[in-house]
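Here is a set of questions and answers for a reader new to this structure. Look over the sequence and the model before reading on.

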There are 2 protein chains.
Amino acid sequence: MHRSFKASAALLFIFLISCGSARTRVDTIWSARWVVTMDPARRVIENGAVAVNGDHIVDAGTRQEIDAKYTAGDLLDRPSAILTPGLINTHTHAAMSLFRGVADDLKLQEWLEKYIFPAEAKNVDREFVRWGTRLALLEMALSGTTTYTDMYYFENTVAEETKAAGMRGVLGQTIIGFPAPDYKTPQAALAGAESFLEAYGGDALIVPAVAPHAIFTNSDDTLQAARQLADKYQKPLIIHLSETKAENDDSLKQRKKTPTAALDALGLLNGWTVAAHGVWLDDTDLAILKARGTGLAHNPSSNMKLASGIAPVVKILNLAIPMGLGTDGVAGSNNDVDMMEEMDLAAKLQKVATGDPRALPAEQAFAMATITGARALRMDKLIGSLEKGKRADMIMIGLDSPHAAPMYNVYSQLVYALKASDVEDVMVNGRTIVRERKMLTLDVPAVLAKASEYQRQIANSVK
Amino acid sequence: MHRSFKASAALLFIFLISCGSARTRVDTIWSARWVVTMDPARRVIENGAVAVNGDHIVDAGTRQEIDAKYTAGDLLDRPSAILTPGLINTHTHAAMSLFRGVADDLKLQEWLEKYIFPAEAKNVDREFVRWGTRLALLEMALSGTTTYTDMYYFENTVAEETKAAGMRGVLGQTIIGFPAPDYKTPQAALAGAESFLEAYGGDALIVPAVAPHAIFTNSDDTLQAARQLADKYQKPLIIHLSETKAENDDSLKQRKKTPTAALDALGLLNGWTVAAHGVWLDDTDLAILKARGTGLAHNPSSNMKLASGIAPVVKILNLAIPMGLGTDGVAGSNNDVDMMEEMDLAAKLQKVATGDPRALPAEQAFAMATITGARALRMDKLIGSLEKGKRADMIMIGLDSPHAAPMYNVYSQLVYALKASDVEDVMVNGRTIVRERKMLTLDVPAVLAKASEYQRQIANSVK
């Protein structure tokens with residue numbers, strides 16, 4: 001008895017030791033009531049967890065599985081939250097957040113010529129871009145966005161600020177055929193873009209890009225030079241495409257081609273390209289974009305608010321053309337950078353536009369904001385889902401608010417019921433940048449104080 | 001010298017005393033950076049205040065004016081908030097909040113027949129209505145709604161709960177031509193409605209109403225009996241009207257009349273009437289509704305999500321037909337009762353539908369959620385604006401969040417940028433029911449616990 005007890009005690013001891021030593025040490029484990037992976041099997045794991053080491057995901061599974069295999073110093077458990085991939089905003093102009101609501105409910109031309117262009121001419125410089133980007137980064141992070149695609153001026157400053165805030169950005173230096181706040185000629189802008197591509201070519205968080213504004217604001221030579229520059233550095237080209245009927249009509253009149261066909265004839269679509277809007281694409285355009293592997297960004301708030309039209313999203317996704325979601329800029333086209341709203345709006349807009357309530361169901365809308373958006377950016381090997389080896393970009397969305405109860409379907413709740421204000425924690429590239437709704441990487445009072453300062457300056461400038 | 005000093009000191013003393021005694025004592029003063037009155041002059045008062053006594057507003061003006069005229073025991077000052085009239089939800093089915101997301105992205109018939117009708121048959125009883133209404137009241141109050149129009153079953157229980165929570169309700173007892181959870185026949189429902197009208201006829205917070213579900217779910221006799229009952233008690237009749245094209249087509253086939261013309265021929269529109277949706281109204285219908293003074297409820301989320309269509313809101317408002325905003329029920333047609341979202345959506349939907357970004361500007365959208373909604377309910381003498389003599393229904397909306405900065409136009413910020421989560425305080429009929437985002441009149445943990453209980457029961461019932 002006594003001996004056998006000692007023996008079994010010793011065995012038990014060895015067993016416990018071996019169990020302990022079998023567990024791998026990782027940096028962080030986040031666990032939640034639900035883990036929505038958006039992986040190829042679309043696994044939704046009840047009582048799930050994700051193990052993170054350095055900048056990447058080591059494993060995702062049930063909490064039991066992860067606890068059995070890993071230990072971590074940094075543990076975050078949210079028994080009443082959903083853990084999802086970070087949201088991907090595929091089109092915005094971040095710094096324009098300082099123009100929030102400066103000129104709404106106007107005709108596009110009046111809006112641009114009477115307000116936005118003068119306001120930009122009088123106010124936009126490197127410091128404006130720095131503070132405007134900080135304000136947008138703050139709003140984006142707090143609402144669950146971990147990657148955003150930008151197109152604006154002084155993009156190297158946008159990159160600095162994005163890195164400092166710990167966010168991931170696909171950042172396009174604007175090339176435009178008239179004097180801009182940063183560069184007075186397209187040639188100067190192209191040169192500036194090249195040094196930007198050189199500087200950030202190998203960055204862990206920043207994908208520098210060349211962003212010729214649109215076909216109608218650049219010469220064909222400039223457009224082709226932009227393409228060559230992007231290809232030289234194997235970085236994306238970002239462009240606005242078929243946003244308005246006027247753009248299409250002008251192109252048909254002047255070039256006897258749709259904007260898509262015209263860009264393709266110029267070779268602009270050969271290579272890594274992200275095109276924003278695509279409201280007025282016809283079947284021939286879609287065939288071209290499909291053949292070229294062009295990624296698209298759908299901006300429902302902007303297309304509705306500016307009355308641009310309704311993009312054929314259902315048709316586009318049925319053709320397996322990757323189309324993500326974007327907020328567009330916060331200066332008339334939208335008044336926030338809230339991806340939770342864009343998901344909801346995208347789904348509802350396709351339903352009413354097609355007359356079919358089954359169109360763009362919640363799971364597909366959530367995919368647009370995550371893995372499909374990653375495909376549109378050709379970054380789906382890195383981000384867009386919670387899978388082993390991918391970058392650790394993920395968010396916790398709380399289920400404690402009255403509008404979150406009860407819950408029957410996790411995708412339905414994410415797209416139609418949950419709000420930006422439910423986002424509790426945000427991790428980008430393995431680093432927690434938001435914890436319990438607090439931004440850890442920005443001086444929030446300073447950003448808000450600067451926003452008020454700029455408000456006074458800008459309000460006077462558009463009087 | 002000495003004497004004159006004493007004299008002037010005495011004079012100063014008398015002056016101060018008289019000032020003090022000149023100030024009227026009131027119960028409550030709320031002051032904010034901006035007061036958006038929605039009064040006939042559409043006054044927006046910078047550094048404004050509202051004085052409240054008992055259930056009504058005594059005065060609204062600049063903080064200086066109000067401080068000079070009134071003193072109060074209960075003072076709330078929000079230097080970084082907007083004080084507005086409480087939001088008015090002109091159409092919902094509150095208790096259906098327990099079905100949040102139970103069946104989304106489905107065809108209307110499949111949604112109704114496979115999910116909603118069975119789920120209601122198996123789950124809806126008086127206790128379900130009690131807890132579902134509590135959950136909706138909680139969500140509505142926290143998102144700034146102070147008055148809502150309901151159409152459901154066991155409406156006397158809805159009334160009990162609405163009073164207990166301190167909210168204002170226009171509550172319609174459903175009359176429908178098939179066995180319902182509360183009454184098995186329309187005759188029984190009419191009798192039940194009558195005792196409900198008797199019980200709540202003189203209530204300070206509740207306006208009881210008769211709610212024949214729709215023209216296609218009731219016999220003509222029942223519809224006319226409902227009208228007579230509403231008129232007998234001088235209370236509103238609430239009905240769904242031209243929500244879907246199918247409803248219009250069937251009516252044209254069976255009655256050779258549009259639903260509006262058919263209801264009018266039956267005399268249903270003679271009197272106090274609130275009709276929900278009005279998606280498929282033609283010019284003749286609008287002329288009838290205008291002539292009858294019918295109030296309408298626009299439900300953009302529901303009309304988009306169920307692909308019902310797009311109501312001609314711009315045309316309706318241009319005809320000065322009062323059309324407010326509604327969320328509809330939280331069971332497929334919507335997944336929340338968030339009026340801040342409906343404002344934003346209503347404006348954007350009219351812009352894209354009309355092709356004119358100037359359509360339904362922010363101020364008009366905010367009016368739909370307040371004073372125009374009050375007109376639709378024929379309650380604009382009581383609520384909908386911050387004016388002397390009106391009921392003290394008002395809300396504080398904070399401007400501290402990143403998505404609220406900077407601000408150039410108060411209406412633009414309210415409609416396009418601010419969220420339900422920015423609502424800080426809510427007063428209904430002079431009573432504060434939400435303070436610093438906390439509901440004071442409901443047991444929140446109990447409501448959320450019950451929601452989870454019902455979730456398990458309901459999920460099993462629709463398997």
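Predicted model: local features only at pLDDT ≥ 70, side-chain atom pairs only at ≥ 80, totals over all residues.

Q: Which rotation superposes chain A on chain B, and which kind of axis relates the two copies?
A: Chain A superposes on chain B with an RMSD of 0.0 Å, and the shift along the axis is 0.0 Å. The rotation needed is 180°. The copies are therefore related as by a two-fold rotation axis.

Q: Which residue of chain A comes closest to the rotation axis?
A: The distance in question is taken at the C-alpha, and its value is 3.2 Å. Among the residues of chain A, the one that comes closest is A:S421.

Q: Which domains of chain A each give at least three residues to the lining of the second largest cavity?
A: This cavity has a volume of about 50 Å³. Its lining includes A:P85, A:T146, A:I383 and A:D393, and the whole lining divides into 3 nonpolar, 5 polar and 2 charged residues. At least three residues come from each of domain 1 (24-85 + 389-435) and domain 2 (87-376).

Q: Which element gives the largest share of the lining of the largest pocket?
A: The largest pocket has a volume of about 1000 Å³. Of its 42 lining residues, those closest to the centre are B:L108, B:L112, B:H213, B:F216 and B:E243. Two or more residues come from each of α3 (108-123), β6 (145-152) and α8 (245-255) of chain B. The largest share, 8 residues, comes from α3(B).

Q: Why is helix α16 of chain B described as largely enclosed by the rest of the structure?
A: A residue is buried when its relative accessible area is under 20%. The buried residues of α16(B) include B:V410, B:Y411 and B:A417. Helix α16 (residues 410-417) is largely enclosed because the buried residues number 8 of the 8.

Q: Which residue caps the N-terminal end of α16(B)?
A: A side-chain oxygen of the capping residue lies 2.9 Å from the backbone nitrogen of B:Y411. The residue that carries this oxygen is B:N409.

Methods: Residues numbered from 1 in each chain as written. Chains lettered and ligands numbered in written order. Heavy atoms only, no water. 1 Å grid on protein atoms, 1.4 Å probe; cavity = no way out; pocket = protein on both sides within 12 Å on 5 of 7 lines; lining within 4 Å. Points joined across faces, edges and corners; volume = space filled by probe spheres on them. Nonpolar A, V, L, I, M, F, W, Y, C, P; charged D, E, K, R; others polar. Domains from an automatic or database assignment. Buried < 20%, exposed > 50% of the residue type's maximum accessible area, 1.4 Å probe, protein only. Helix = DSSP H or I, 4+ residues; strand = E, 2+ residues; numbered from the N terminus. Polar contact = N/O pair within 3.5 Å; in protein donor to acceptor, adjacent residues only side chain to side chain. Least-squares fit on C-alpha atoms with pLDDT ≥ 70 in both.
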